[in-house]
Amino acid sequence: MKTMKWGAAAMALGLVHFAAPAEAAGGKTLETVKARGVLNCTGHDGSYLGFAEVDDKGNWKGMDIDLCRAVATAVLGDPAKLKIVPISWAQRWPSLQSGDVDIIIKASGGTLSRDTELGLQFSMSYYLGTTKVMAHKELNLKSLKDAAGGTICIPAGTSQEQQVAAYTAKLGIKLEPVLIEKTEELEQAYFSGRCDLYAQWGPTLAIARIAKSKVDDHVILPDVLAVEPEVMIMRQGDDNWVDIANWTLSTLIFAEQEGITSKNVDEIKAKPTSPQVAKFLGVTPGMGKGLGLDDDWAYKVIKNVGNYGEIFERDLGKDSPYKMDRELTNLWNNGGVLFPLVID
């Protein structure tokens, strides 16, 4: 099975480079997770609304969290066999390399330096997002070029730092960066007026504006600083683990494509609509052996977590507080860029 690597934007400045551990070359992650009986997956050091957030009862939710649950279900058969490890943006890479987490699912882009210098490996993209800038409406800015000399809040330790630097250099303007790592503190700095601008991943800006109930007071400028594919990230040298991440994501997308949901999966399993679907749901053998998983692992993922569309609508879309449109993060046959790998 061929490993897939995807690269897109440049890495944020100032991160320490970590060599891949010797264990990664042995492809031991699946065995380690099975022996432990729990998948260690990334959370956020605070709330990253829509992707990784904690409710008032201490329960994690969000798209990244649901993808962690999907991987846990694929490997261990139960979404509850999951430990969410809260980490900051800068902690992502050392936490993975040290073995504190088994996989990074934390709104992280696939970049060249993360691949070739940090010894990381990527899944297919699960969300295609743009980096954009929000501004206080009272400033009456039409585009980022009008903001020359202003201050801009940027999440520290992320690729947005370099994206802002590159884009402003292309425009021939200078902005004063205010770098803050914690999302809550970053948003407080912007909404309190400490910064004129706020550079972030587009979905995060839209959610922040809605969450603060200040849609009319802030504008998202038309500038697109970068397009970044968000990916699941693993250590290099463990192709089987990368395959499991890719096929877990593909399972969510394939199920949506075929109209298989958490509500009807039992009915379709009892009467598969095609030989492909029969194999997918474990009715006929072959879905799991090559990955080191049970043949009904995909069935369990859909039954317990839902398909990609169910996850999106629950965490970001019409069934969430944020009511976001899917835009490019839609199926290939519905105007988007998502597609499953082929089950044969």
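Reader: What should I know before reading the values?

Author: Because the model is predicted, local features need pLDDT of at least 70 and side-chain atom pairs count only at pLDDT 80 or more, while totals for chains, interfaces and linings use all residues. Residues are numbered from 1 along each chain as its sequence is written, and side-chain values use heavy atoms, with hydrogens and water left out.

Reader: Which residues have the most contacts inside the largest nonpolar core?

Author: A nonpolar core is a set of buried Ala, Val, Leu, Ile, Met, Phe, Trp, Tyr and Cys residues joined through side-chain atoms within 4.5 Å. Buried means under 20% relative accessible area, exposed means over 50%, and partly exposed lies in between (1.4 Å probe, protein chains only). Here the largest core has 66 residues, and Met63, Tyr127, Trp241 and Phe280 have the most contacts inside it. Another core, of 15 residues, lies apart from it; among its members are Ile152, Ile154, Ile173 and Leu225.

Reader: What does Tyr127 touch?

Author: A contact means heavy atoms within 4.5 Å. Leaving out residues up to four places away in sequence, the contacts of Tyr127 include Phe51, Met63, Trp201, Tyr308 and Phe312. Glu228 and Glu230 are also among them.

Reader: How many disulfides does the structure hold?

Author: A disulfide is a covalent bond between the sulfur atoms of two cysteines. The criterion used is a pair of cysteine sulfur atoms within 2.5 Å. The structure holds 2. With the bonded cysteines numbered in sequence order, the pairing is 1-2, 3-4.

Reader: Where do Cys41 and Cys68 lie?

Author: Helices (H or I, at least four residues) and strands (E, at least two) are DSSP runs, numbered from the N terminus. The sulfur atoms of Cys41 and Cys68 are 2.0 Å apart. Cys41 is in strand S1 (residues 39-42) and Cys68 in helix H2 (residues 63-76), so the bond ties together parts 27 residues apart in sequence. Both Cys41 and Cys68 are buried. The torsion about their S-S bond is about -65°, so this disulfide is left-handed.

Reader: Is the disulfide of Cys153 and Cys195 left-handed or right-handed?

Author: Its torsion about the S-S bond is about 70°, so it is right-handed. The pair links distant parts of the chain, 42 residues apart: Cys153 sits in strand S7 (residues 151-155), and Cys195 in the loop between helix H6 (183-191) and strand S9 (197-201). Cys153 is buried, at 0% relative accessibility, and Cys195 is buried at 0% too.

Reader: How many salt bridges does a search of the whole structure find?

Author: A salt bridge is a side-chain nitrogen of Lys or Arg within 4 Å of a carboxyl oxygen of Asp or Glu. The search finds 7. One of them joins Asp102 and Arg36, at 2.8 Å from N to O. Asp102 is in the loop between helix H3 (92-97) and strand S5 (104-109), and Arg36 is in helix H1 (residues 29-36), 66 residues apart. Asp102 is buried at 4% relative accessibility, whereas Arg36 is partly exposed at 33%.

Reader: Which residue forms a salt bridge with Asp66 and Arg69 in one network?

Author: Salt bridges that share partners join Asp66, Arg69 and Arg314 into one network. The closest N and O atoms of Asp66 and Arg314 are 3.0 Å apart. Asp66 is buried at 5% relative accessibility, and Arg314 is partly exposed at 35%.
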